[in-house]
Amino acid sequence: MLVLFIRKGKTLTTAHAKGYAISAIPRSTEPSDEAAVRALKLVLESLEDSKAEDIVTINIAGKSALGDFMVVVSGRSNRHVMAIADHLTTDLKDEGLGTPRVEGLEGGDWVLIDTGDVIVHIFRPEIREFYNIEKMWAAPDVEESTLH
């Protein structure tokens, strides 16, 4: 089941030690919420194309400055995890969404792909079960009045 909530996002910048600011991600001419939804749609299509399993999408807009959406998927083996990551990276480049940052491609147990708007975690099933990150990020928002 896929549930999407759209919120207006902000473009983040990174400052170098010399004081120059550069965009952390390639700037899009689209409004940021439309760009995030476009990127999410492309990511989901690519993952389905690659036969990724147990695709979960989590809206993290407002919960984190990391991005607007987090996608968690499983691959059947190390080789399948690496193939999913490679296919997604190629699709993102081909659609003009820039070159995403990729971590963990060498091992194939857990690959992280950061597009700027969408963060994708690709796991082998047992690694995904161990870390269970979707449970942590899917937790409901806590009202300030309930905090002690």
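Colleague: Which residues form one aromatic cluster?
Modeller: Trp-110, Phe-123, Phe-130 and Tyr-131. This is a predicted model, where local features need pLDDT of at least 70, side-chain atom pairs count only at pLDDT 80 or more, and totals for chains, interfaces and linings use all residues. Residues are numbered from 1 along each chain as its sequence is written, and side-chain values use heavy atoms, leaving out hydrogens and water.

Colleague: Why is the pair of Trp-110 and Tyr-131 called tilted?
Modeller: Rings of Phe, Tyr and Trp (its six-membered ring) pair if their centres lie within 6.5 Å; planes under 30 degrees apart are stacked, over 60 edge-to-face, the rest tilted. Here the centres are 4.8 Å apart and the planes stand at 45 degrees, so the pair is tilted.

Colleague: What makes Phe-130 and Tyr-131 edge-to-face?
Modeller: Their planes are at 90 degrees, with 5.0 Å centre to centre.

Colleague: Why does Phe-130 count as exposed, and Tyr-131 as partly exposed?
Modeller: Buried means under 20% relative accessible area, exposed over 50%, partly exposed in between (1.4 Å probe, protein chains only). Phe-130 has 66%, so Phe-130 is exposed. Tyr-131 has 44%, so Tyr-131 is partly exposed.

Colleague: How do you know that the span of α2 agrees with expectation?
Modeller: Helices are DSSP runs of H or I, at least four residues, numbered from the N terminus. The expected span is 1.5 Å times one less than the number of residues. For the 17 residues of α2 that gives 24 Å, and the end C-alpha atoms are 24 Å apart, so the two agree.

Colleague: Which residue with positive phi follows α2?
Modeller: Gly-96, with phi near 80 degrees.

Note on methods: Helices (H or I, at least four residues) and strands (E, at least two) are DSSP runs, numbered from the N terminus.
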